[in-house]
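Thanks for coming, everyone. Have a look at the model on the screen, and then I'll take you through a few parts of it.

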Amino acid sequence: MTTLNEFSNCVAQYDPHALPVTAAQAIVRQWATPVAAVERVPLHDALDRVLAEDIVSPSDVPAHDNSAMDGYAFQSAALADASATVELTVAGKALAGHPFGGAVALTQCVRVMTGACMPAGCDTVVPQERVTRSGETVQFAASAVRGGANRRLAGEDLARGSAALRAGRILRASDLGLIASLGIGEVPVRRRLRAAFFSTGDELRSLGEPLEPGCVYDSNRHTLFAMLRRMNIDTLDLGVVRDQPAALEAALRSAAASADVVLTSGGVSVGEADFTKQLVQTFGDVAFWTLAMRPGRPLAFGRVWSGDRPGLGLPALFFGLPGNPVAVMVTFYQIVREALLVMSGATSQPVPLLQAASREVIRKRAGRTEYQRGVAERDARGQWHVTPTGSQSSGVLSSMSEANCFIVLEHERADVAPGENVDIMLFDGLI
Ligand code: AMP
Ligand code: MG
């Protein structure tokens, strides 16, 4: 068994007391392994799940050439023969689901509706707005349509035998439709990841409990619950654990026994870390990092086991997040999320960054990555601007609720002047 420390020492820039975000991300990504189990679920239950195998198209979609318009289908050779005006006789009708079975001569056409199969030999559709019809005769200008126009080809959407969707994809609305278009009603997906979490701190009170002086309500457990659920991860809430070694040990072991990943908040900053560190080391392989990052400097990361020594019992990946509520969210999205995606079996995509001009001076120290909370908006000319929300203190959770993006200030950057471009990471995605 390679230990985390042995592994980390091979990573460039590994300094646990000032670890660059990129180095932490690289270690975490490497340390995460995908869950192996696969289950087959009905199509609707596959939404937001991770596809476990490629979906190979068993047939062409669409299965037949068909009309893209309401109009008249005919052979394009009729265009070449015609002088200025094409005149054709209507031989019959084809509707979506009701094909025309007969033969079509060069001087004939078939009335077709959108989605109707192209009649045999026909390769072009003239839209109905372009024709003059009298009785069973239609006339239109030869210039009104090009040969092959307004026809969808068989296999245009998906060719038979090709991979319609690749394993590792997180299934969204269009994917459910695509799978249905292949006639497939059951989907192989990875088992859902299971995350256990708890908060640590003697000052924390749960909802419904009275708040004595000096105490605060535990908010992190609820933020963690929501962030995990948005990633379609099963959650196990283990409540608030007091700052006592025995309580912490019991909670960590039972979390490792019942989940793939364990997340805690609080108790990893200097001072507290010593006590947690000694404890965790007895049944885990955990590094205590100070990240070159703001917010979210202290972070514990590694593996814990349900037994009383590393390697004994059931393992779980472990993230000891900082206690401050904003730091919890920032470390979750910037460090933990990627590991959870890898563990879920998902092919991860980099989160898109946009460039926005800062409306204000932003104070920033070179040598750490900062994730400030911002409000981004686009002006009439299409240029993005961003304004930091008020207090950037890592305890001010309202700064997250007011914001619609992170302002990502990279490691090397110093102060930002008004008008200077910065990277932003939008909170919302569409589909
Ligand atoms: P710690 O990392 O345990 O020193 O906590 C840092 C700060 O975050 C302290 O002000 C804590 O009271 C606060 N804090 C820690 N855990 C939570 C929590 N679960 N909910 C809200 N605030 C918390
Ligand atoms: Mg604490």
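**A sheet and a helix pair**

Start with one pair of residues: R133 sits opposite V138, and V138 belongs to β10. Keep in mind that this is a predicted model.

Now the strands around that pair. β9 and β10, the latter spanning residues 137-141, run antiparallel. Three bridges join them.

Step back to the whole sheet. It is open and has six strands. Read across, the order is β8-β5-β7-β6-β10-β9. The pairing is mixed. Which strands form the edges? They are β8, at 124-127, and β9, at 132-134. Each of these two pairs on one side only. From one strand to the next, the twist averages 35°.

Next, the annotated domain. UniProt, in an unreviewed entry, lists residues 196-342 as "domain: MoaB/Mog". In the model, that span is 37% helix and 33% strand. Its end C-alpha atoms are 17 Å apart.

Now two helices: α6, residues 245-258, and α7, residues 272-283. Their axes come within 10 Å. They cross at roughly 40°. The crossing of α6 past α7 is right-handed.

What meets what in this contact? From α6 come P245, L248, E249, L252 and R253. From α7 come F275, T276, L279, V280 and F283. By type, the contact residues are seven nonpolar, one polar and two charged.

That's the tour. Over to you for questions.

Terms used:
Residues numbered from 1 in each chain as written. Chains lettered and ligands numbered in written order. Predicted model: local features only at pLDDT ≥ 70, side-chain atom pairs only at ≥ 80, totals over all residues. Heavy atoms only, no water. UniProt positions renumbered as here; feature names shortened; annotations may be inferred. Helix = DSSP H or I, 4+ residues; strand = E, 2+ residues; numbered from the N terminus. Axes fitted to C-alpha atoms, helices over the stretch in contact; angles between N-to-C directions. Left-handed = near helix turned anticlockwise from the far one by under 90°. Contact = heavy atoms within 4.5 Å. Nonpolar A, V, L, I, M, F, W, Y, C, P; charged D, E, K, R; others polar. Pairing = 2+ DSSP bridges.
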